[in-house]
Amino acid sequence: GEAGPLAVTFQRGRSLRNGASVLVHLGSFATAEEAATAYARSEYGRADAAKLLQPRAAPTAAGAEAIRQAEREGLALATSSGSNSGY
C-alpha cells in the first residue's frame, strides 16, 4: 500500500529559559520532497543553509588526505552544519 502523510517534527536547540529542547512541528506532507521543501522554506532551514555557506577552515594535511581517499573510493562526504568538524 501507499505510505501515509509524513509529519515533520524536529528538535531544535535549547531554550534559553529552562535548557529544554524545543520541538517544532512544520506540518504533514504527502511526500518527502514536500516535507524537505517546507523545512528549506522555514526559518530553521534558511538558518542551516546560511551556516553551510560560511567559510570553513582548511582541512589539516591528514584531513585533506582522508578527503582524497574518500574521493578515490567514490565516496561523497556529507557536510553538516550541526558539527564542529563540518561533517
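Predicted model: local features only at pLDDT ≥ 70, side-chain atom pairs only at ≥ 80, totals over all residues.
Q: Is Arg46 buried, partly exposed or exposed?
A: The class follows from the relative accessible area, with buried set at under 20% and exposed at over 50%. Arg46 has 48% relative accessibility, so it counts as partly exposed.

Q: What is the pattern of secondary structure along the sequence?
A: Count the elements, then take them in order. The protein has three helices and two strands, and read along the sequence they follow the pattern β-β-α-α-α.

Q: How confident is the predictor, and where is confidence lowest and highest?
A: Take the overall mean, then the elements. The mean pLDDT of the protein is 76, and 75% of its residues reach 70 or more. By element, strand 1 has the lowest confidence, at a mean of 69, while helix 3 has the highest, at 88.

Q: Why does Ser42 count as buried?
A: The cut-off for buried is under 20% relative accessible area. Ser42 has a relative accessible area of 10%, and therefore it is buried.

Q: Which residues form the largest nonpolar core, and which elements give two or more residues to it?
A: List the members, then assign them to elements. The largest nonpolar core has six residues: Val8, Phe10, Val24, Phe29, Ala35 and Ala38. Strand 1 (6-14), strand 2 (21-29) and helix 1 each give two or more residues to this core.

Q: Which contacts does Ala38 make, leaving aside neighbours within four places in sequence?
A: Pick one core member and follow its contacts. Ala38 lies in helix 1 and is in contact with Leu26 and Phe29 once those neighbours are set aside. A C-alpha distance gives another view: Ala38 and Gly27 are eleven residues apart in sequence and 8.5 Å apart in space.

Q: How many salt bridges does a search of the whole structure find?
A: The search finds two salt bridges. In one of them, the side chains of Glu65 and Arg68 meet at 3.1 Å, N to O. Both residues lie in helix 3 (residues 61-72), three residues apart, which is about one turn of the helix. In the other, the side chains of Arg72 and Glu65 meet at 2.6 Å, N to O. Salt bridges that share partners join Glu65, Arg68 and Arg72 into one network.

Q: Which members of that group are partly exposed, and which count as exposed?
A: Apply the accessibility classes to each residue in turn. Glu65 is partly exposed, with a relative accessible area of 34%. Arg68 is also partly exposed, at 40%. Arg72 has 53% relative accessibility and so counts as exposed.

Q: What share of the residues counts as buried, and what is the accessible surface of the protein?
A: These are totals for the whole chain. Of the 87 residues, 15% count as buried. The accessible surface comes to about 6,900 Å², and 56% of that belongs to carbon and sulfur atoms.

Note on methods. Residues numbered from 1 in each chain as written. Heavy atoms only, no water. Helix = DSSP H or I, 4+ residues; strand = E, 2+ residues; numbered from the N terminus. Buried < 20%, exposed > 50% of the residue type's maximum accessible area, 1.4 Å probe, protein only. Areas by Shrake-Rupley, 256 points an atom, 1.4 Å probe, with all protein chains shown as cover. Core = buried A, V, L, I, M, F, W, Y, C linked by side-chain atoms within 4.5 Å. Salt bridge = Lys/Arg side-chain N within 4 Å of Asp/Glu carboxyl O. pLDDT = per-residue confidence, 0-100. Contact = heavy atoms within 4.5 Å.
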